[in-house]
Amino acid sequence: MANGESKPKLTIGWLYARQMSTYGDRGNILTIWKRARWRGISVSVREIDFKEKVDPTRFDLYFFGGGQDQAQKKVSDDLIKYKKEDLKKAARLGSVFFAICGGYQLLGQYYRPFAQPELPGIGLLDVVTVASNQRMIGNIVIETNSMLPKIGGNLMVGFENHSGKTYLGKKANPLGKVLVGSGNNGEDRAEGAFQGNVFGCYLHGPVLPKNPFFADFLIRKALARHYGEVGLDHIDDNLELTAHDAAIERAKTSI
Amino acid sequence: MNARLMTAVLAAKTLRLVIRLSGGGATAAPGLAAEYIDPHALKKLGKYYDGALLVTGTNGKTTTSRLLGNILNEANINFIHNRSGSNLLRGLIGTLAENFSFTSRKKKLALLEVDEVTIPIAVQSVEPKVIVFNNLFRDQLDRYGEVDKIRKIWQKALLQLDSETTIVLNSDDHSVSHLAGSTKAKVIYYGIEDDGLSLGKLPHAADFTSCISCQSELRFDQVYLSHLGKYRCPSCGLKRPKPDVYASDVYLDQENGFKARIVTPKGTFELDVSLPGVYNIYNVLASVSAAVACGINLSVIKRALNATTPAFGRTERINVNGKKLFIALVKNPSGFNEILRLLGTNRNDKYVLIAINDLIADGRDVSWLWDVDFEDLVTDPNLKKIRVSGIRAADMALRLKYAGLAAESEIETDLETALEASIEEVPKGDTLYILPTYTPMIKLKKILARRGYSTQFWED
């Protein structure tokens, strides 16, 4: 870290930690936490629950995991009623958002289930999601978008499990190109989306432990709100990269 | 019997014989063949049996149905059983076909452990006298999609039952006890009444924590395991049903088993079982409740349970040259958490081998490892060594690193090499705890049998 006068601090808001964490997504929080702590950055994580309002200046990073379809409506209602405006404001003020699967869908414009009214998202990402009969399940490998030059790595690996098909609008860009798996919709080879400081994708696994460069990328982005551009101390990622490579190898051979 | 069914039965029987003679142990092939020849085989075969006892739930199917089998044996009731745990449609057909007798007219009872999603077809095909629903946890989400879907599948399957059937429900699991509302079947609830077993708070992996009736968050006065406990809904007033059969005054004797007082509508008895852990209390209660529903005498039930030993790979203990191997299948966060809780109850030196595969039978997604709470294990002062193995060994090692394991765990993807190394380093008298997912467990079993340490499971 640059000029260590006072210990840098990272404040994380975990949206619907209980309802939206079905597939090991809490591993992402743990990864950010540990990797920041190993660099001497202090971290606080606060769970943001139903009916709670959010102070848009408080958090550097919001994490929003995936849940079950049944939770989707309840969460959508709560987002619109209690949180939408403040979260939009937080994004404008430079907070970083990272969302997986169901969380990713609800950061978009809407989720359209079968024969039911659309569930509005909060529109931080210009994407829409439509329910489909096709469950897209399996290992997934993507090549990260070259528009993200400082991301630090070019292959990301995870496990996808969704039936919603997500389509990007003009303002959002894909997080990467699918090499193995289905991605956003199984049609256009795009996976995930980003728009400014807001990132979403379908990668469970969880994604951050096995793609440590992306975890560090998010940490750097989140710190930028208070500390500007910072470098992170090098840490030993041997095991992370072993798992990364093994998972990619597995993805290539297991389909 | 029509020709198609007869062909199917003969095919299954022949195939089973050939497999046995050639020393193989695959359990699904005969049923698969029979199903292929006659897709309606289960329903047709069901008529040749004197009704069925079905056991389902995410965890404990094999153990609970084995307990029930021991009770039926003790009660001198003639029955057939898919004892090897082959519990998909093909496994059920295989079991009914292989046990089909062309000569005897006496109908036997069918005891079947049934995969969660196979319940609807099983309920339609065999006449269930009793159905046990033990619990429902997130498990193999890559295969089933979502856990609430299974609850809905069960709910729908129960609609067609009448009071000829008794359903045995875990009162402590909201997702299971709530099934009572959607059926005309008779209901028996079982649960735990011992506040001393409470975890104090819900673990991260708890699934059904909001009220199915009104969506509000449930309050838990006691948490016995995952989301199982004494819950109530502050908003609509829903309460955990009072159990008809329950365990109180429980004493958990580490990995040796437990003692408890079992209370039933027919009376009370003291039990001393060599199955360890809180989850096994539920398995025992489920089997007691089903046996009571069958009208079996309490003294028979007690005798059978006291003599029970663990099923293969389910908290099984094996002795190897004075070293103890403790093998416990781990396949989902709730089950894994409970095994770790069991390990945490003793102060012995611990040597651990965890084997994680991602084949279809294991679940192809290993994300769930991050929903397991490893933090207590890695900080256990008695933990001497952890070795990880299996196709996803690196994922497991990474999980342990982020759980706070000080030294890196040793990665050895080849199971037999890992097993050898782990046994080698355990001092005589100490225990190696082996925690495999499904396919490494089967492989382990073969390795141990080949080396003469244990018998093949299809022979036991």
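**Close-up views of a predicted two-chain model**

**View 1. The buried residues of helix α5(B).** B:Leu89, B:Arg90, B:Gly91, B:Leu92, B:Ile93, B:Gly94, B:Thr95, B:Leu96 and B:Ala97 are the buried residues of α5(B). The helix covers residues 89–98 of chain B and is mostly covered, with nine of its ten residues buried. The coordinates shown here and in the views that follow belong to a predicted model.

**View 2. Chain B as a whole.** Chain B contains 16 helices and 17 strands. Its radius of gyration is 22 Å, close to the 23 Å that the globule rule gives for 460 residues, so chain B is as compact as a globular protein of that length. Along the principal axes, the C-alpha trace of chain B spans about 65 × 60 × 40 Å. Of the 460 residues of the chain, 54% count as buried. Among contacts in chain B with a separation of 6 or more, 70% are made by residues 24 or more positions apart.

**View 3. The two domains of chain B and the contact between them.** Domain 1 of chain B comprises 49–80 + 104–306, and domain 2 comprises 316–459. Their C-alpha centres lie 27 Å apart. To the contact, domain 1 of chain B contributes 21 residues and domain 2 of chain B contributes 17 residues. On the side of domain 1 that touches domain 2, the elements giving two or more residues are α7 (141–144) and α10 (278–293) of chain B. Helix α7(B) provides the largest share of that side, three residues. By class, this side of domain 1 of chain B has nine nonpolar, seven polar and five charged residues.

**View 4. The surroundings of B:Val123.** B:Val123 is located in helix α6 (residues 119–125) of chain B. When neighbours within four places in sequence are left aside, B:Val123 is in contact with B:Pro128 and B:Ala157. B:Asp395 is 272 residues from B:Val123 in sequence, and the two are 39 Å apart in space, C-alpha to C-alpha.

**View 5. The side of chain A that touches chain B.** The contact between the chains takes 29 residues from chain A and 25 residues from chain B. On the chain A side, at least two residues each are supplied by α1 (26–37), α2 (69–92), β7 (127–144), β8 (155–168), α4 (207–210) and α6 (238–253) of chain A. The largest share, six residues, comes from α6(A). In terms of class, the side of chain A that touches chain B has nine nonpolar, eleven polar and nine charged residues.

View 6. Six strands of chain A form an open sheet of mixed pairing, in the order β2-β1-β3-β4-β12-β11. At the edges stand β2 (42–48) and β11 (193–195) of chain A; each has a single partner strand, so one side of each is left without a neighbour in the sheet. From one strand to the next, the twist averages 15°. Strand β3 (residues 61–64) and strand β4 (residues 96–100) of chain A pair in the parallel sense over four bridges. Within this pair, A:Leu61 stands opposite A:Val96 in β4(A). Helix α5 (residues 212–227) of chain A packs on the sheet and touches β1 (9–15), β3 and β4 of chain A. The direction of α5(A) makes about 145° with that of β4(A).

Terms used: Residues are numbered from 1 along each chain as its sequence is written. Chains are lettered from A and ligands numbered from 1 in the order in which they are written. This is a predicted model: local features need pLDDT of at least 70, side-chain atom pairs count only at pLDDT 80 or more; totals for chains, interfaces and linings use all residues. The radius of gyration is taken over C-alpha atoms; the globule rule is 2.2 Å times the number of residues to the power 0.38. A residue is buried if 20 or more other C-beta atoms lie within 10 Å of its own, exposed if 12 or fewer, and partly exposed in between; C-beta atoms are placed from the backbone. Two residues are in contact if their C-beta atoms, placed from the backbone, lie within 7 Å. Ala, Val, Leu, Ile, Met, Phe, Trp, Tyr, Cys and Pro count as nonpolar, Asp, Glu, Lys and Arg as charged, and the others, Gly among them, as polar. Two strands pair if DSSP finds at least two bridges between them. Axes are lines fitted to C-alpha atoms, for helices over the stretch in contact, and angles run from 0 to 180 degrees between N-to-C directions. Domain bounds come from an automatic or database domain assignment.
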